[in-house]
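Have the structure open while you read.

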Amino acid sequence: MKNNGWIVWLGTLALLLLHQDFWFWDNYETEVFGFMPIGLAYHAGFSIVAALWWGAVMSFAWPHHLEALAEEQEESISTQRP
Amino acid sequence: MTPLIIIVCYLGLLLALGIISSRSFRGTSKDYFVASHSIGPFLLLMSVFGTTMTAFALVGSTGKAFERGIGVYGLMASISGLVHAAVFFLIGIRLWVYGKKYGFVTQIQFFRARFDSQRIGYVLFPILAMLVVPYLLIGIIGAGKTVLPVTAGAFPDLFPNAATPQFAGGIPVWLTGLVICGVVMTYVFLGGSRGAAWANTFQTIVFMAMGLVAFVFIANSLGGLTNASKVAIQINDQGEVVQPYRWDAANNQLVANDPPKVVGRIIEGESDTAGSYSPRPLLSRQVTTVELENVNKKTGEVRTFTREYGMSTWMFMTYLFIPLSVGMFPHLFQHWLTAKSARAFKLTVLAHPLCILIVWVPCVLIGIWATGILPPLDPTKVSGVLGQMVARLVSSPILSGFLIAGILAAIMSSLDSQFLCLGTMFTNDIVIHKLGSGKLSDRQVILIARGFVVGIVTLTYLLSLVAPQNVFDLAVWCFSGFGALFPLVFAAVFWKRVTKAGAYACILAATLSWFYFFAKSGFGSELVLGPGIMPVAVCFLISTAALIIVSLMTRPPSEETIKKFFPDKAS
């Protein structure tokens with residue numbers, strides 16, 4: 001994550017832009033598979049792409065350093081009143 | 001009576017699951033609050049998904065699609081898939097790591113340590129509790145309103161229901177609420193977070209399956225998917241809203257209306273030019289405002305109301321701040337902490353958008369098909385669209401029973417986590433914090449937590465009896481409040497320069513701006529700003545600005561704090 005962080009943020013930003021699908025905004029005629037309006041099919045596909053994206057992110061930007069931190073011995077931080 | 005038997009069997013199964021899960025209870029407070037960090041990938045996925053999806057995922061999505069069309073999926077579902085998964089990966093895993101290493105079981109413990117401030121807990125606690133309680137009320141009242149119509153006529157002597165004569169004999173809202181609260185309280189009381197995770201998993205499977213089953217039956221009744229897609233209302237060349245088909249109940253089949261039945265007329269499209277509106281307004285997101293007519297069958301009285309199909313670009317863009325709320329949900333924090341390892345999050349991050357797809361796409365399609373089958377309904381009645389479609393097109397009491405069980409499953413899978421979370425917060429952030437953890441044995445801590453769970457369930461149930469029944473409108477306001485606080489958790493895990501004063505400024509700015517808009521809405525009604533901007537977007541920007549400006553103006557946190565929370569970044 002430390003080294004590939006910028007790819008994660010950039011890719012997520014690109015997906016947020018792709019979410020604004022103004023190109024299908026007023027398309028009421030096209031139906032995918034003969035029943036699903038294109039605007040809905042696009043966003044169903046978007047959900048699949050989102051899953052694939054986070055799957056890819058976890059393969060190249062997994063926070064190994066944090067995982068290692070969790071494996072260290074537990075410490076307690078006092079959150080009690082002094 | 002059949003639906004009632006199915007519902008009772010379902011609740012019995014849940015209770016049995018609670019009792020079985022309690023046998024795995026290890027007797028420690030850590031086990032009660034965070035299941036000793038033992039929950040694996042599948043249970044984590046199901047419990048996190050079940051917690052974030054309320055009854056809205058089934059009945060709300062269908063109703064909203066009935067009101068506005070397919071855009072509802074992009075507005076609420078696909079953006080949630082992206083944003084929720086991002087929050088689980090970028091924030092959830094970090095909070096799990098801090099929680100495991102430093103022994104946190106509540107969000108407030110994390111913030112107290114991160115900002116090196118004991119008082120921040122007392123500031124945050126009432127705000128978080130205030131935002132969770134209406135969310136609980138929505139579930140309890142929603143459950144009652146779901147069960148009442150399907151049991152109408154079953155017990156005419158016991159429940160004459162003078163206030164709602166159309167549902168005479170149905171199980172009243174207060175009784176369903178009582179039973180639901182009793183069942184949830186029992187398994188949370190016995191099994192703590194493990195009981196909630198097990199029950200959530202079962203309930204999530206039930207409500208996902210029921211949504212799909214309802215979809216398959218309804219699509220079959222309409223003659224298959226291609227036929228069903230032609231059913232939704234249309235706007236003809238004269239600007240009239242028409243239903244091209246109708247459901248012939250006597251022969252159980254879809255028949256063409258010749259001529260198409262007029263149910264309303266266009267008021268305005270996004271463009272004034274005639275013919276520029278969407279002729280199939282529910283299949284696009286173009287804004288088309290219409291006036292619809294609803295005829296009261298008994299009196300013959302015609303009532304008209306306006307409806308906006310589609311949605312504005314601004315609303316679509318700014319709605320993305322709503323799903324950020326999951327980052328600040330205290331009950332989700334507790335679920336994250338139950339994970340066995342950081343790797344247990346992988347399935348949740350990957351599959352969450354797909355689970356949303358599986359639940360929402362069928363419901364949105366049912367919602368738009370319903371516009372051609374059902375008469376126009378005003379916004380207060382659209383939550384009944386899914387139930388009405390099942391009742392009309394499938395007319396199977398068994399399926400109705402299972403569908404109601406699915407809706408209750410979606411409701412209870414959120415209720416349990418929220419009850420447990422409030423009990424955990426009261427115990428750890430108030431009682432133990434005041435007394436000091438060394439002064440209480442583990443057994444006493446569990447006893448206090450269980451006492452709080454019982455107390456909170458009782459109090460919330462009593463509140464549900466006197467709360468206004470239209471609390472459903474409050475859901476978006478709850479999410480908006482949590483969304484406005486999101487910069488706090490984001491900065492806490494990513495920005496080492498954020499200071500205690502910056503955190504206070506963020507909380508204050510989020511709370512005040514949220515309250516301003518909440519009051520402006522008339523305390524809970526829908527409110528959009530200018531061209532359709534969601535108030536949460538403005539609250540988010542204000543709280544972010546306050547956090548950044550005040551942090552940069554005040555002394556940075558100590559090196560010791562930074563080393564604890566940013567081990568890779570400390571100099």
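Between domain 1 of chain B and domain 2 of chain B there are nine residue pairs in polar contact, both partners at pLDDT 80 or more; a polar contact is a pair of N or O atoms within 3.5 Å, where within protein one must be able to donate a hydrogen and the other to accept it, and residues adjacent in sequence count only if both atoms are side-chain atoms. On the domain 1 side, α4 (59-68), α5, α12 and α13 (385-393) of chain B each bring at least two residues to the contact with domain 2 of chain B. Helices here are DSSP runs of H or I with at least four residues, numbered from the N terminus. By class, that side of domain 1 of chain B has 14 nonpolar, five polar and four charged residues. For the classes, Ala, Val, Leu, Ile, Met, Phe, Trp, Tyr, Cys and Pro count as nonpolar, Asp, Glu, Lys and Arg as charged, and the others, Gly among them, as polar.

A word on the ground rules: this is a predicted model, where local features need pLDDT of at least 70 and side-chain atom pairs count only at pLDDT 80 or more, while totals for chains, interfaces and linings use all residues. Residues are numbered from 1 along each chain as its sequence is written, chains are lettered from A and ligands numbered from 1 in the order in which they are written, and side-chain values use heavy atoms, with hydrogens and water left out.

Back to the two domains. Domain 1 of chain B covers 2-25 + 36-221 + 326-467, and domain 2 covers 234-314; the bounds come from an automatic or database domain assignment. Taken over C-alpha atoms, their centres are 34 Å apart. Domain 1 of chain B puts 23 residues into the contact and domain 2 of chain B puts in 19, with contact meaning heavy atoms within 4.5 Å. The pair buries about 1800 Å², 55% of it from carbon and sulfur atoms; buried area is the accessible area (1.4 Å probe) that two parts lose on being put together, summed over both. In domain 1 of chain B, R68(B), I70(B) and P376(B) lose the most area to domain 2 of chain B, together 34% of what that side buries.

R68(B) turns up again in the charge pairing. Two salt bridges join domain 1 of chain B and domain 2 of chain B, a salt bridge being a side-chain nitrogen of Lys or Arg within 4 Å of a carboxyl oxygen of Asp or Glu. R68(B) and E308(B) meet in a salt bridge.

What about the two chains? Chain B gives 64 residues to the contact and chain A gives 51. Together they bury about 5400 Å², with 69% of that on carbon and sulfur atoms. L82(B), F89(B) and K101(B) lose the most area on the chain B side, together 14% of what that side buries. Three salt bridges cross this interface, and 10 residue pairs are in polar contact, both at pLDDT 80 or more. Several helices of chain B supply at least two residues each, including α6 (107-114), α12 (345-373) and α14 (397-435). The top contributor is α5(B), with 16 residues. Sorted by class, the chain B side has 36 nonpolar, 15 polar and 13 charged residues.

Over all chains, the whole structure holds 11 salt bridges.

| Pair | N to O distance |
|---|---|
| R343(B) and E67(A) | 2.7 Å |
| E308(B) and R68(B) | 3.3 Å |
| R194(B) and D31(B) | 2.7 Å |
| K64(B) and E67(B) | 3.6 Å |
| E560(B) and K564(B) | 3.4 Å |

R194(B) and D31(B) also belong to a salt-bridge network with R26(B). Within helix α4 of chain B, K64(B) and E67(B) are three residues apart, about one turn of the helix. E560(B) and K564(B) are four residues apart in helix α20 of chain B, again about one turn.

Are these side chains buried or exposed? R194(B) is buried at 6% relative accessible area, and D31(B) is buried at 0%, whereas E560(B) is exposed at 54% and K564(B) partly exposed at 23%. Buried means under 20%, exposed over 50%, and partly exposed in between (1.4 Å probe, protein chains only).
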